[in-house]
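Here is a short walk through one model. Keep the view open and follow along.

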Amino acid sequence: MAEIRANSFDHVALWVEDRDPLARFCCDHLGMHVIERSDDFTLIGVDALRGKLTLFDAEGTREAGALERVVLRVSDRDDALARFPDGHAVDRDGEVATFEAPQGLGMGLIESEGLDYDLDHVVLRVPDADAAASGFAELGFERRNGSLQVADKAVRLKSGGRPEGERPLLNHLALLVDSMEEVRAEAESRGLEIQKVVDAENTLAVFVRGPDGIVVEYVEHKPGFSLV
């Protein structure tokens, strides 16, 4: 069995009832900007080549489900929190300062080296963390220090979750790869469930159903990839 190799953790995609309030919050208070906006989605981040959020339109209030938290890295946590609106509730206990963003998205800030407001890690609550970790380790994530790493970013798993409901907040996790076709061929050879293949203006992507129904996108940048 060949390995699926990923270069980076590219983005976290969400289903949201109203993407504009969440995009505004992230742009006004979390150092991001709108990289791309279409009729169907808004892509936001601090840099198009770093960890990003993709917000897709969906009907109805979403259920947090497996997605517990998206954590961003900052060099000075107190300074970053001082940029929040007055009265916005923040739990500063522990290494991660946690808070809720619009649309019910759990978020956090952690002090770490690197670009401010880049993605640091995602926390997922699944029925069985060990079983899920074994599954994700076959999909381009590396088990290291109790988490699943992709380059300098990670997914942290917690047990005790339930299967995703009918209106999940999490759409998918996306990994950047050299060749989407190689990943698709490997997924087909293993009998993995391929949800779809997308040929977009700047990217090629294949979407694979992973542990506990969590979808992983493998995205390849086309020559001339030119998001800002």
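Start where helix H3 begins. There, a side-chain oxygen of Asp128 comes within 3.1 Å of the backbone nitrogen of Asp130. The model is predicted, and so this contact is a computed one.

Now move along the helix. H3 covers residues 129–136, and its buried residues are Ala129, Ala132, Ala133 and Phe136. Viewed down the axis of H3, they fall within an arc of 100°, so they line one face of the helix. An α-helix has 3.6 residues a turn, so residues three or four places apart point the same way.

What lies over the buried residues of H3? The cover includes five strands: E8 (118–126), E9 (142–144), E10 (147–150), E11 (153–159) and E15 (215–221).

Next, look at the largest nonpolar core. It holds 57 residues. Val12, Leu30, Leu53, Leu105, Leu109, Leu124 and Tyr218 touch the most other members. Take Tyr218 from that list. Beyond its neighbours within four places in sequence, Tyr218 is in contact with Ile4, Leu139, Leu175, Val177, Met180, Val183, Leu204, Ala205, Val206 and Val208. There is also a second, separate core of five residues, among them Leu176, Phe207, Val215 and Val219. In soluble globular proteins, nonpolar side chains tend to be buried together.

Finish with a charged residue. Arg77 lies in helix H2, residues 77–81. Is Arg77 buried or exposed? Arg77 is buried, yet has no salt bridge. The nearest side chain of opposite charge belongs to Asp78, 4.6 Å away. A salt bridge needs the charged atoms within 4 Å. Leaving aside neighbours within four places in sequence, the contacts of Arg77 are Arg92, Gly94, Glu95, Val96, Ala97, Leu109 and Glu111.

Methods
Residues numbered from 1 in each chain as written. Predicted model: local features only at pLDDT ≥ 70, side-chain atom pairs only at ≥ 80, totals over all residues. Heavy atoms only, no water. Core = buried A, V, L, I, M, F, W, Y, C linked by side-chain atoms within 4.5 Å. Buried < 20%, exposed > 50% of the residue type's maximum accessible area, 1.4 Å probe, protein only. Contact = heavy atoms within 4.5 Å. Helix = DSSP H or I, 4+ residues; strand = E, 2+ residues; numbered from the N terminus. Lys, Arg positive; Asp, Glu negative; His and termini not counted. Arc of directions from axis to C-beta. Polar contact = N/O pair within 3.5 Å; in protein donor to acceptor, adjacent residues only side chain to side chain.
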